[in-house]
Amino acid sequence: MRRLLKGIVILLGAIAVFAALTVLYVVVAWDRGVDRPSMNLIAPVSDAAIARGKHIYTYTAACWTCHATSDAPTLGEPPSGGRVFDMRGVGPGFGFYYGANITPDPETGIGQWTDGELVRAMREGLSRDNRVLFPVMNYVFFHGMSDDDALAVVAYLRSLPPVRHEVPKRSPSFAAKALFAFGVLHPSEAVTSRVEAPPRGVSAEYGKYLAWHLSGCAECHTPRDPQDGSFDFSRAMAGGRFPFPERLIETTGRNLTPDLETGLGAWTEEQFLTAMKRGARPDGTVMTPFMPWPLYAQWDETDLRAVWTYLRSLPAEAHEVPRGRLINAAATGRGAERGHALYSVYCHTCHGEQGQGTPLTGPVLIDRVKNDDPESVAETVAAGLGPKKPLMPSWRHTLSPDQIADIITYLSTSAPRASSSRQDPAPRATSRRSR
């Protein structure tokens, strides 16, 4: 018995020593740098390159949604960073991360970064000081972005006015630090040669490039492990496995493969284009802009048809993904409280924080609410607008009359008549010296 007890004590001591050494290693090693140089790349300064970068930044990769100052980003605001990503509820809990300031400010933004360092951060997931970025930055998929497209984004960012805004440092949990320390979270493979995009056209190859390397399609619609966030690439586009950590809705990417029962197998190309351009599913319900259809509506039809062609080329995967559902105040609130929550879910992307408008909208919603009777506004919301801009879908199959009334109540009682913020930040002249 004494020998048995002695053996147990020795075993427990060994476990304690191993645990202590493991903790010490994680604390010391999690934030170690990666010795990897960036490529010597130079972003063009032509108007065409800046326009291409603006389109990718705004409507394809939607960079502004993560690099905003708050969790209610508005299109047209400068990407001065600070939006918090609370990852405590994901897997074992991963801590807090913040969208970086990607304006050209030399102290708090990207003003001192080289073009190659910026492209490396996008495609490989390494910061300027060689630290591995948490994959809330989409480098796993941007890894395949072409040199021309990546540098076009850099050219557009360089054209923006600098904004001095200090962003808090990330605060990873011990679990996240362990994943960094043991290489589970690691940078993408080094890009050491030129990357070209496929020829633009209605082809599965080009559609795959758009879906995987320029937009968030693959990230949201590919199953991933809820414990460590790793993707199941063997079931590409088969839909998510768990809800994204959103405050007002529970939703995940649906199955986009051609499965007849659980995917898009019964959809036509025209129905897909309607969903992308107007947000309306074949049954008339409208997708929440968490699926950023208002941005994809700005794509050229060639690009949308290319994505459709790619999706139809995939093997059908039987994977049922539940429809999203409203939670918290969006589901249980009443009056202006519920209206505010519903507005945040369905309307904010196109109409701005308080209805003052964005580059996506023509009429300023708050003006309409303030100057017209509620019944008329409610009928417009229910019926939708088209074919002129904006192509607002009909909400009568998605929102009840009471829900629409609550949205109007929120806008009429809580939102001041605001000056329009629909314009993008004015570009400024750049020179190679300023970089």
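Reader: Which residues is Glu205 in contact with, leaving aside its neighbours within four places in sequence?
Author: Pro198 and Pro199. Keep in mind that this is a predicted model.

Reader: Okay, and which helix does Glu205 lie in?
Author: Glu205 is part of helix H7, which covers residues 204–214.

Reader: Is Glu205 buried or exposed?
Author: Exposed: Glu205 has a relative accessible area of 53%, and the cut-off for that label is over 50%.

Reader: What separates the C-alpha atoms of Glu205 and Tyr310?
Author: A distance of 6.9 Å, though the two residues are 105 residues apart along the chain.

Reader: Switching to the sheet, how many strands does it have, and in what order?
Author: There are 3 strands in an open sheet, ordered E1-E2-E3, and the pairing is antiparallel.

Reader: Which strands stand at the edges?
Author: E1 (84–86) and E3 (171–172) do. Each has a single partner strand, so one side of each has no neighbour in the sheet.

Reader: How many bridges do E2 and E3 pair over?
Author: Strand E2, residues 95–98, pairs with E3 over 2 bridges, in the antiparallel sense.

Reader: And which residue in E3 does Gly95 stand opposite?
Author: That's Pro172.

Reader: New topic: which residues make the nonpolar surface patch?
Author: Met1, Leu4, Leu5, Ile8, Leu11, Leu12 and Ile15 make a patch of about 740 Å².

Reader: Where is Leu5 found?
Author: In helix H1, residues 2–29.

Reader: What's the relative accessible area of Leu5?
Author: For Leu5 the value is 48%, so Leu5 counts as partly exposed.

Definitions and conventions. Residues are numbered from 1 along each chain as its sequence is written. This is a predicted model: local features need pLDDT of at least 70, side-chain atom pairs count only at pLDDT 80 or more; totals for chains, interfaces and linings use all residues. Side-chain values use heavy atoms; hydrogens and water are left out. Patches are made of residues with over 30% relative accessible area and no salt bridge: like charges are joined within 9 Å, nonpolar side chains (Val, Leu, Ile, Met, Phe, Trp, Tyr) within 5 Å. Accessible areas come from the Shrake-Rupley method with a 1.4 Å probe; for residues, only the protein chains shown count as cover. A salt bridge is a side-chain nitrogen of Lys or Arg within 4 Å of a carboxyl oxygen of Asp or Glu. Helices (H or I, at least four residues) and strands (E, at least two) are DSSP runs, numbered from the N terminus. Buried means under 20% relative accessible area, exposed over 50%, partly exposed in between (1.4 Å probe, protein chains only). Two strands pair if DSSP finds at least two bridges between them. Contact means heavy atoms within 4.5 Å.
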